[in-house]
Amino acid sequence: MPSLSSRKVMILIAIFLFLGSIFWSILHETLLPLARAERWAALAANLIGIPLVLAGCAAFVWGGWRFVISTSEALAHAEGLANREQVRGALFKAWVRPLLWLLGGFGLMALGGLISNL
């Protein structure tokens with residue numbers, strides 16, 4: 001079994017604390033007050049909308065990451081291409097999927113925001 005380096009452990013702890021603080025905030029500042037006020041429709045809307053927003057954020061970040069990586073890879077391969085049109089074609093191919101992730105993530109965030117505010 002591979003061991004984790006102290007750097008990886010520190011990164012995992014930072015990620016856990018960051019995500020934990022987000023979930024703690026959602027629970028104590030949104031969900032519990034709605035439950036205490038017995039606003040069940042708003043609570044249900046937030047239980048649907050918040051995960052959509054979080055999934056949208058994750059998809060948006062992943063799309064941005066893939067956009068940067070794909071662009072880097074495409075430009076590394078584009079050095080040998082003969083003309084501008086070939087470079088544009090290589091970049092277009094590299095950008096299509098990451099841009100779909102970005103758009104899909106934005107769409108999920110928008111949908112989740114709309115549902116949460118019902």
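Residues are numbered from 1 along each chain as its sequence is written, and side-chain values use heavy atoms, with hydrogens and water left out. In this predicted model, local features need pLDDT of at least 70 and side-chain atom pairs count only at pLDDT 80 or more, while totals for chains, interfaces and linings use all residues.

Helix α1 covers residues 6-36. Helices here are DSSP runs of H or I with at least four residues, numbered from the N terminus. The 31 residues of α1 should span 45 Å at 1.5 Å a residue, and the end C-alpha atoms are 42 Å apart, which agrees. The expected span is 1.5 Å times one less than the number of residues. α1 is bent by about 35 degrees at Leu27. Such a bend is the angle between axes fitted to the seven residues ending at a position and the seven starting there. Ile26, Leu31 and Leu34 are buried in α1. Buried means under 20% relative accessible area, exposed means over 50%, and partly exposed lies in between (1.4 Å probe, protein chains only).

A nonpolar patch lies on the surface. Its members are Leu4, Val9, Met10, Ile11, Leu12, Ile13, Ile15, Phe16, Leu17, Phe18, Leu19 and Phe23. Together they have about 1200 Å² of accessible area. Accessible areas come from the Shrake-Rupley method with a 1.4 Å probe, and for residues only the protein chains shown count as cover. Patches are made of residues with over 30% relative accessible area and no salt bridge; like charges are joined within 9 Å, and nonpolar side chains (Val, Leu, Ile, Met, Phe, Trp, Tyr) within 5 Å. A salt bridge is a side-chain nitrogen of Lys or Arg within 4 Å of a carboxyl oxygen of Asp or Glu. Ile13, one of the patch residues, is found in α1. Ile13 counts as partly exposed because its relative accessibility is 42%.

Glu38 follows α1 and sits in the loop between α1 and α2. Its phi is positive, about 55 degrees, although Glu38 is not a glycine. Most residues other than glycine have a negative phi. Glu38 has a relative accessible area of 56%, so it is exposed.

Helix α2 spans residues 40-78. Ala44 is placed in this helix. With a relative accessible area of 38%, Ala44 is partly exposed. Ala44 and Ser116 are 72 residues apart in sequence and 8.5 Å apart in space, C-alpha to C-alpha. Asn46 also has its place in α2. Its relative accessible area is 10%, so Asn46 is buried. Asn46 touches Thr30, Leu31, Leu34, Pro51 and Ser116, not counting residues up to four places away in sequence. Contact means heavy atoms within 4.5 Å. Leu31 and Leu34, among these partners, are buried residues of α1.

At a relative accessible area of 0%, Gly63 is buried. Gly63 touches Pro98, Trp101 and Leu102, leaving aside residues up to four places away in sequence. Gly63 and Trp101 are 38 residues apart in sequence and 4.6 Å apart in space, C-alpha to C-alpha. Ser70 is another α2 residue. Ser70 counts as buried because its relative accessibility is 12%. Ala94 and Pro98 are touched by Ser70, not counting residues up to four places away in sequence.

Leu81 is found in the loop between α2 and α3. Its relative accessible area is 30%, so Leu81 is partly exposed. Leu81 touches Gln86, Val87 and Ala90, not counting residues up to four places away in sequence. Leu81 and Ser25 are 56 residues apart in sequence and 51 Å apart in space, C-alpha to C-alpha.

Helix α3 (residues 84-116) has 33 residues. From first C-alpha to last, α3 reaches 46 Å, close to the 48 Å expected at 1.5 Å a residue. α3 has a kink of about 35 degrees at Val96, shortly before the proline Pro98. The buried residues of α3 are Leu91, Ala94, Pro98, Leu102, Gly105, Gly112, Ile115 and Ser116. Pro98, included in that buried set, is touched by Gly63 and by Ser70. Ser116, also buried, is touched by Asn46.

Conventions. Helices (H or I, at least four residues) and strands (E, at least two) are DSSP runs, numbered from the N terminus.
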